[in-house]
Amino acid sequence: MSSGIPDPAAREPIIEVDSLVRHFGRQTVLNGVSFKVYEGDTFVIMGGSGCGKSTLLRHLIGTEKPTSGSIKIFDREITTMRDGELQKLRGRYGMLFQSGALLQSLSVAENVALPLVEHTRLDAGLIDTVVKMKLEQVGLTGHGHKKPSEISGGMKKRAALARALALDPPLVFSDEPTAGLDPIMTAVVDELTQRLTQKIGATVVVVTHDMNSVFRIGTRIIMLGTGPNQGRIIAQGTPEEIRANPNPAVQQFINGEAEGDAGDDSGELLYLETLLGGSETGRYSRTAILSTKS
C-alpha cells in the first residue's frame, strides 16, 4: 500500500523518537530506539511477544517516561511535559486499543461521544449529530443505544474505531486493533481504518503481530528484536524492504507462526488514563457523559 505515498523527505515528521532507552530494574526493554513517523504514514511497529512494542506505544502516548532519550510529537518534546500539558496534547490523538476498551456502563453512542465531551464545547445536539455520522461510517447505524455486551466482537472494534476518529484527529494510535478477530473481520477493520483515516488525512501508528495486517495497511514498518537484540530495531523500511530483509529473525517472524500478545482488559484502563486523565475518570457516569461542557 506504499504506492502513492510521497517520499518521507518531502513530508514533515509527526513523531521523532531519538535514542529511546527504558530500563525496568536490571532489565532493558527498549534499547536505543530511533525513528521518525511522517505525515500520512501508516507506521507499523511489529515484533514478537516481549520485544517492547507495547512499552514503546505507552511511551509515545506519554503514560510512561523513558530512562533516557527523547520523543517529539507535533514538534513538542513530550518526555518533559507536565500532566496537564500532556492531557491537552492527547486531545489531538485518536486511540484504538486491543480490547476495544469500550466502557461497559455506557452505550455504544455514549462511548463514541467521550472525546467530544472531553475535548470540545459542542452542545448536546451537535455531539449527537457527530456520533450518528461516525457510527454510520463504521456500519453501526441503529446500534448506538446498545451496550458493548450486546454487540459482537467485530462491532466492538468498529465502535472503538468510531470513537477514535470522533474528533477527526491528525494522529491515531492503534494497539493490536484486530486481535481476536477472524480473518474476514480483520480485513474489514483494516479496510475501514485505512479508508477513514485517509479520508481525514490522519497519520496512524499501529502495534501488531498480525502479518496480514502489517502488509495490508503498512506504508513504513519497524521490527523490534528479542533476546540479544531485545528492544532494538532490527529492521525498518517499506513493506517491500521488510519482505526482502535478509535478517533470519525477520524472515522467521514474517514466514512463521508469530506469537501474539495475550489479550487482557487493560485497554479500558489505558484509554481512561490517556484520553480522560487518570484523575478524571470517576466523573464519567451515564448522565455526565451526555452533559455539555460549560
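A: Helix 4 covers residues 124-137, and its 14 residues reach 20 Å from the first C-alpha to the last. That is close to the 20 Å expected at 1.5 Å a residue, where the expected span is 1.5 Å times one less than the number of residues. Helices here are DSSP runs of H or I with at least four residues, strands are runs of E with at least two, and both are numbered from the N terminus. The model is a predicted one, in which local features need pLDDT of at least 70 and side-chain atom pairs count only at pLDDT 80 or more, while totals for chains, interfaces and linings use all residues. Residues are numbered from 1 along each chain as its sequence is written, and side-chain values use heavy atoms, with hydrogens and water left out.

Ile127, Val130, Val131, Lys134 and Leu135 are its buried residues (buried means under 20% relative accessible area, exposed over 50%, partly exposed in between, with a 1.4 Å probe and protein chains only). Looking down the axis of helix 4, these residues fall within an arc of 135°, so they line one face; the arc is taken from the directions from the helix axis to the C-beta atoms. An α-helix has 3.6 residues a turn, so residues three or four places apart point the same way. On the other side of helix 4, Thr129, Lys132 and Glu136 are exposed.

What does the buried face meet? The buried residues of helix 4 pack against helix 3 and helix 5. Helix 3 (residues 108-119) is itself mostly covered, with 10 of its 12 residues buried; among them are Val112, Leu116 and Glu118.

The ends of helix 4 are worth a look too. At its start, a side-chain oxygen of Asp123 comes to within 3.1 Å of the backbone nitrogen of Gly125, a polar contact (a pair of N or O atoms within 3.5 Å; within protein, one must be able to donate a hydrogen and the other to accept it, and residues adjacent in sequence count only if both atoms are side-chain atoms). Just after the helix, Gly139 takes a positive phi of about 75°.

Thr120 sits in the loop between helix 3 and helix 4, and it counts as buried because its relative accessibility is 16%. Its side chain reaches the backbone oxygen of Leu116 at 2.5 Å and the backbone nitrogen of Leu122 at 3.3 Å.

Stepping back, the largest nonpolar core has 42 residues, and Met46 and Ile242 have the most contacts inside it. Such a core is a set of buried Ala, Val, Leu, Ile, Met, Phe, Trp, Tyr and Cys residues joined through side-chain atoms within 4.5 Å. Helix 5 (residues 153-164) gives the largest share of this core, six residues.

Finally, a word on confidence. The chain averages a pLDDT of 84, and 83% of the residues score at least 70; pLDDT is the predictor's confidence in each residue, from 0 to 100. The lowest mean, 46, belongs to helix 10 (residues 266-277), and the highest, 97, to strand 4. Where pLDDT is low, the predicted coordinates should not be read in detail.

Note on methods: Contact = heavy atoms within 4.5 Å.
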